[in-house]
Amino acid sequence: SIIYDHLLNNDMTYAESAYDVDGDGHITSADITAVYDVILNGMPSNITQYTVNGVTFAMVNVEGGTFTMGADASDSNANEDEFPSHQVTVSSFAIGQTEVTQELWLAVMGWNYSGHEGNLQYPVEYVNYEMCQNFIAKLNEMTGKNFRLPTEAEWEFAARGGNKSQGYKYAGSNDIDAVAWYGGVEENWSLCRPATTPETVASMLPNELGLYDMSGNV
């Protein structure tokens, strides 16, 4: 009840950003209800947790659907290989709630090749495609599951918010500073949040599906 009172009164000593479930910048009774729901009833039904060597990670189940993949002619920031936009249908799949952390990589591989260390909740980086395939093979062996990399279409569908998409410009918001760590451009370096800062995963707001860092971190 003490923590409840502090949260309800927006005492940010207790009200870390994780308690602001709806991401509106305030701790409300709705946020507290959502937090208590997880405590009392476990993770939401669309999230499945797995544990390997004592490290737990979450996969978000994404309902399949049809979406417009790629960029349309009005998007001046798009690269040539993002045109033309076209309708794509994907089946239901699951995708990691966050990037693979250094903690999970270590638990599976036994080594950490990342250039930015100091916190095991940093995302793993400086790994290539072959290393990732070896990671997946070992993860499957350890869990008895069939993990794989997402297809390009699956990744874009998930980043856009799947069937829950609100049409945001970035993954979860029209404000890039709310959802992403990112590099800038030479003319405007002062406005960027440097990519791979390093920063822990899930330190920004999630998108409509509850996925983090889909618009940037590494």
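Tutor: Buried means under 20% relative accessible area. Keep that cut-off in mind. The model here is predicted.

Student: What does the secondary structure of the protein come to?

Tutor: The protein has six helices and five strands. Read from the N terminus, the order of elements is α-α-β-β-β-β-β-α-α-α-α. Of the 218 residues, 35% count as buried.

Student: What follows helix 3?

Tutor: Look at the backbone there. Gly110 comes next, and its phi is positive, near 85°.

Student: How do I read a helix pair? At what angle do the axes of helix 3 and helix 4 cross?

Tutor: Take the axes, then the angle. Angles of 65 to 115 degrees count as roughly perpendicular. The axes of helix 3 and helix 4 cross at roughly 70° and come within 9 Å. The two helices are therefore roughly perpendicular to each other. Their crossing is left-handed.

Student: Which residues make the contact?

Tutor: Helix 3 brings Leu104, Trp105, Ala107, Val108 and Met109. Helix 4 brings Met131, Cys132, Asn134, Phe135, Lys138, Leu139 and Met142. By class, the residues of this contact are 10 nonpolar, one polar and one charged.

Student: Glu141 is in helix 4 too. Is Glu141 buried or exposed?

Tutor: Compare its accessibility with the cut-off. Exposed means over 50%. Glu141 has 70% relative accessibility, so it counts as exposed.

Student: How do I read a core? Which residues of the largest nonpolar core touch the most other members?

Tutor: Look for the members with the most partners. The largest nonpolar core has 18 residues, and Val62, Val90, Phe93, Ile95, Ala158, Leu211 and Met214 touch the most other members. Strand 2, strand 3 (65–69), strand 4 (86–90), strand 5 (93–96) and helix 5 (152–159) each supply at least two residues of this core. Helix 5 gives the largest share, four residues.

Student: Take Phe93. What is Phe93 in contact with, leaving aside its neighbours within four places in sequence?

Tutor: The partners are Val60, Asn61, Val62, Arg148, Glu154, Phe157 and Ala158. There is also a second, separate core of 15 residues, which includes Val108, Val124, Met131 and Ile136.

Student: Back to helix 5. How many of its eight residues are buried?

Tutor: Six of the eight are buried, and helix 5 is mostly covered. Ala153, Glu154, Glu156, Phe157, Ala158 and Ala159 are the buried ones. Their cover includes strand 2, strand 3, strand 4 and strand 5. Just after helix 5, Gly161 has a positive phi of about 100°.

Student: One last reading. Of contacts between residues at least 6 apart in sequence, what percentage join residues at least 24 apart?

Tutor: Count by separation along the chain. Among those contacts in the protein, 50% join residues at least 24 apart.

Note on methods:
Residues numbered from 1 in each chain as written. Predicted model: local features only at pLDDT ≥ 70, side-chain atom pairs only at ≥ 80, totals over all residues. Heavy atoms only, no water. Core = buried A, V, L, I, M, F, W, Y, C linked by side-chain atoms within 4.5 Å. Buried < 20%, exposed > 50% of the residue type's maximum accessible area, 1.4 Å probe, protein only. Contact = heavy atoms within 4.5 Å. Axes fitted to C-alpha atoms, helices over the stretch in contact; angles between N-to-C directions. Parallel < 35°, antiparallel > 145°, perpendicular 65-115°, else oblique. Left-handed = near helix turned anticlockwise from the far one by under 90°. Nonpolar A, V, L, I, M, F, W, Y, C, P; charged D, E, K, R; others polar.
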